[in-house]
Amino acid sequence: MEYPKIFVILDCYYSKDEKNLYYKDVKLNRADMNSFMVLYWEYAKDKSRIYFNYCVTSEEPDSFEIL
């Protein structure tokens with residue numbers, strides 16, 4: 001088994017290695033590494049989706065706003 005050389009904690013819920021993004025211990029299969037950003041607590045987004053936990057909640061990230 002090959003282990004990642006780089007592992008980065010993004011916040012208390014999200015992290016990433018060289019190839020993947022994670023919510024706790026769940027791999028976010030469709031997340032875009034280059035545009036992914038944590039918004040607030042368990043909310044995050046990439047260029048195509050909004051995530052809450054590891055679930056996709058919206059396919060319209062440009063119109064999403066945290067109130």
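Four strands make an open sheet, ordered β1-β2-β3-β4, with antiparallel pairing. Its edge strands are β1 and β4 (26–27), each pairing on one side only. Strands here are DSSP runs of E with at least two residues, numbered from the N terminus. Two strands pair if DSSP finds at least two bridges between them.

This is a predicted model, in which local features need pLDDT of at least 70, side-chain atom pairs count only at pLDDT 80 or more, and totals for chains, interfaces and linings use all residues. Residues are numbered from 1 along each chain as its sequence is written, and side-chain values use heavy atoms, with hydrogens and water left out.

**Confidence**
- The protein chain has an average pLDDT of 91; pLDDT is the predictor's confidence in each residue, from 0 to 100.
- A score of at least 70 is reached by 100% of the residues.
- Confidence is highest in strand β3 (residues 21–23), at a mean of 96, and lowest in strand β8 (residues 55–58), at 90.

**Strand pairing**
- Three bridges hold the antiparallel pairing of β1 (residues 7–9) with β2 (residues 14–17).
- A hairpin of four residues links β1 to β2.
- β2 also pairs with β3, again antiparallel and over three bridges.
- The hairpin from β2 to β3 runs through three residues.

**Ser15**
- Ser15 sits in strand β2, opposite Ile9.
- Ser15 counts as buried because its relative accessible area is 7%; buried means under 20%, exposed over 50%, and partly exposed in between, with a 1.4 Å probe and protein chains only.
- Leaving out residues up to four places away in sequence, Ser15 touches Phe7, Val8, Ile9, Leu10, Asn20, Leu21, Tyr22 and Lys24; contact means heavy atoms within 4.5 Å.

**Largest pocket**
- The largest pocket holds about 150 Å³ of space; a volume is the space filled by probe spheres set on grid points, which are joined across faces, edges and corners.
- On a 1 Å grid over the protein atoms alone, with a 1.4 Å probe, a pocket is an open set of points with protein on both sides within 12 Å along at least five of seven lines.
- Its lining consists of Glu2, Tyr3, Pro4, Asp17, Glu18, Lys19 and Asn20; lining residues have an atom within 4 Å of a point.
- By class, the lining has four charged residues, two nonpolar and one polar; Asp, Glu, Lys and Arg count as charged, Ala, Val, Leu, Ile, Met, Phe, Trp, Tyr, Cys and Pro as nonpolar, and the others, Gly among them, as polar.
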